[in-house]
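I opened the model today to look up a few backbone and packing details. My notes follow.

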Amino acid sequence: MDKLRRYWNRPEHCAYLFIAPALFLLVVFRIIPTAISFACSLFDIDMFLNGKGFIGLANFREMFADDYFWNALKVTIKFTLIEVPVQMLVGLVLAAMLTSNTPFNKSMRAVYFAPIVCSATVVAIMWKMFLHSNIGIATYWLERIGIKGINFLNSPAYTFYVLVFMSVWRSFGMSTVILLSAMQNVPSDIYEAARIDGCSPARSFVSITLPLIKDTFGFVFLTRLIGSLQVFDLVFTTTSGGPARTTETLVYYTYVKAFSNNRMGYGAAVSMALFAIILVLTVICYGSLFKEEKQ
């Protein structure tokens, strides 16, 4: 017993005890489900694990020949390319505006962070009611000023961008708070020295703030990139992939194939494709954003 106690009292050994709970959760809820999903992608099975059995890479071959898969991939990439830069820009600007600890700024931080506390489903239902073509408050007031016939949630011209707006509105508070925390940790004497040298606030922000928070900025960018590629709740609640599949993302397409069409194996193959895309982009972005830190 004493020998065991001495073994775990060593810092290099007891560290494993502290990471054991997180490691257990990672294995049980991440690694094992991913392995099971990959195994399912090699079978032609339904939700109840019934089917033709092992078919190898046939699901992947069918997926790459499926036009709907490529459409869902295109929609997902388009959504990410618009949502991530807009959210990062909004979060950065608001963080810069709310840096000082005045009572007004503190209250606004809470207001901006409030949407992230709500689930995506609640946010989607709220905006769906607000923008409804018949009972929505927004459409009612637009009609009052003479703008009629806009169907925000069932129009190929508007619906995709409405979905992007909903996503940005819900999540920009998290980006704002994280970037704000990084900005407040920048030493004030650096700004004081720059002000004495005649540096303008805009130049200080570009030359001092941005370089010193780039690691935090990279973290926020990476997490938002991953989140945008996995968007599902907003699509499921508001548009169901419509109209004409203009908002059908890869995760929603996976859901349709696996549960609506009862093709669990094919759905697992699509999810593995998305997993590979996210993995590759994460490795590339992490290597680029944190290159200096690793060196």
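Is Arg245 buried, partly exposed or exposed? I looked it up: Arg245 is partly exposed, with a relative accessible area of 30%. The cut-offs are under 20% for buried, over 50% for exposed and in between for partly exposed, with a 1.4 Å probe and protein chains only.

A note on the source: this is a predicted model, in which local features need pLDDT of at least 70 and side-chain atom pairs count only at pLDDT 80 or more, while totals for chains, interfaces and linings use all residues. Residues are numbered from 1 along each chain as its sequence is written, and side-chain values use heavy atoms, with hydrogens and water left out.

**Loop between α12 and α13**

I stayed with Arg245, which lies in the loop between α12 and α13. Helices here are DSSP runs of H or I with at least four residues, strands are runs of E with at least two, and both are numbered from the N terminus. Phi of Arg245 is near 65°, a positive value in a residue other than glycine. I then checked Ser240, found in the loop between α12 and α13. Its phi is near 55°, also positive in a non-glycine residue. Ser240 is partly exposed, at 45% relative accessible area. Next came Pro243, placed between α12 (233-238) and α13 (250-260). The peptide bond from Gly242 to Pro243 is cis, with omega near -5°.

**Cysteines**

I searched the whole structure for disulfides and got zero. The test was a pair of cysteine sulfur atoms within 2.5 Å. I also looked up two cysteines. Cys40 is buried, at 16% relative accessible area. Cys199 is partly exposed, at 24%.

**Helix packing**

I turned to α4 (residues 67-97) and α8 (residues 159-184), which pack at about 40° with axes 7 Å apart. Axes are lines fitted to C-alpha atoms over the stretch in contact, and angles run from 0 to 180 degrees between N-to-C directions. That angle makes α4 oblique to α8. Under 35 degrees would be roughly parallel, over 145 roughly antiparallel and 65 to 115 roughly perpendicular; the rest is oblique.

**Hairpin**

Last, I looked at β1 (residues 43-45) and β2 (residues 51-54), which run antiparallel and are joined by three bridges. Pairing needs at least two DSSP bridges between the strands. Ile45 has Gly51 in β2 as its bridge partner. The two strands, β1 and β2, form a hairpin with five residues between them. In the turn, Leu49 has a positive phi of about 60°.
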